[in-house]
Amino acid sequence: MEFFRPENQSLVLDLDLDFFNLHAYHNIENNFNGNPYRYSDEYIKRHLNRFKQYDDEGAWDLITVCISSEHCGGYQTAQEIFDLFLEIFELKEEEYYNW
C-alpha cells in the first residue's frame with residue numbers, strides 16, 4: 001500500500017475492463033460481437049475487489065474506466081463486465097460520467 005501513497009501526489013486508477021475478455025488478446029479485428037470468451041464473474045469480482053480495497057483506503061483521487069464493445073466481443077459482454085465494475089465499486093448510474 002505504501003507504493004500507492006507517495007507524498008504530495010494525486011493518484012489516478014485507470015482501469016481498462018477489456019482485460020477481462022481473453023479474445024482481446026487474439027484477433028481483435030474479429031472480436032466484435034463474435035463469440036466472446038471472458039473470465040468468470042467470480043474472477044472479475046475478485047480482481048476488482050482488490051482495486052476497491054485501495055479505494056476504500058483513500059488511495060485513488062480519480063478512477064477512470066475504459067471499456068470497448070469492439071474488444072469485449074460485443075455490447076452485451078461489455079455491459080456485463082461494466083455492470084460488475086459498478087456493483088463492486090457500489091456505483092449507481094447517477095454517480096459517474098459517461099463520455
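**Aromatic pairs and salt bridges in the predicted model**

Across the whole structure, a search finds 6 aromatic pairs, a pair being two rings of Phe, Tyr or Trp (its six-membered ring) with centres within 6.5 Å, classed as stacked with planes under 30 degrees apart, edge-to-face over 60 and tilted for the rest. Phe19 and Phe20 pair edge-to-face, with 5.2 Å between the centres and 80° between the planes. Of these residues, Phe20 is buried at a relative accessible area of 5%, whereas Phe19 is partly exposed at 39% (buried, under 20%; exposed, over 50%; partly exposed, in between; 1.4 Å probe, protein chains only). The rings of Tyr39 and Tyr43 are stacked, because their centres lie 4.1 Å apart and their planes meet at 20°. Phe19, Phe20, Tyr39 and Tyr43 form one aromatic cluster.

The model is predicted, and local features need pLDDT of at least 70, side-chain atom pairs count only at pLDDT 80 or more, and totals for chains, interfaces and linings use all residues. Residues are numbered from 1 along each chain as its sequence is written, and side-chain values use heavy atoms, with hydrogens and water left out.

The search also finds 3 salt bridges (a side-chain nitrogen of Lys or Arg within 4 Å of a carboxyl oxygen of Asp or Glu). Lys45 forms a salt bridge with Glu87 at 3.2 Å between the closest N and O atoms.
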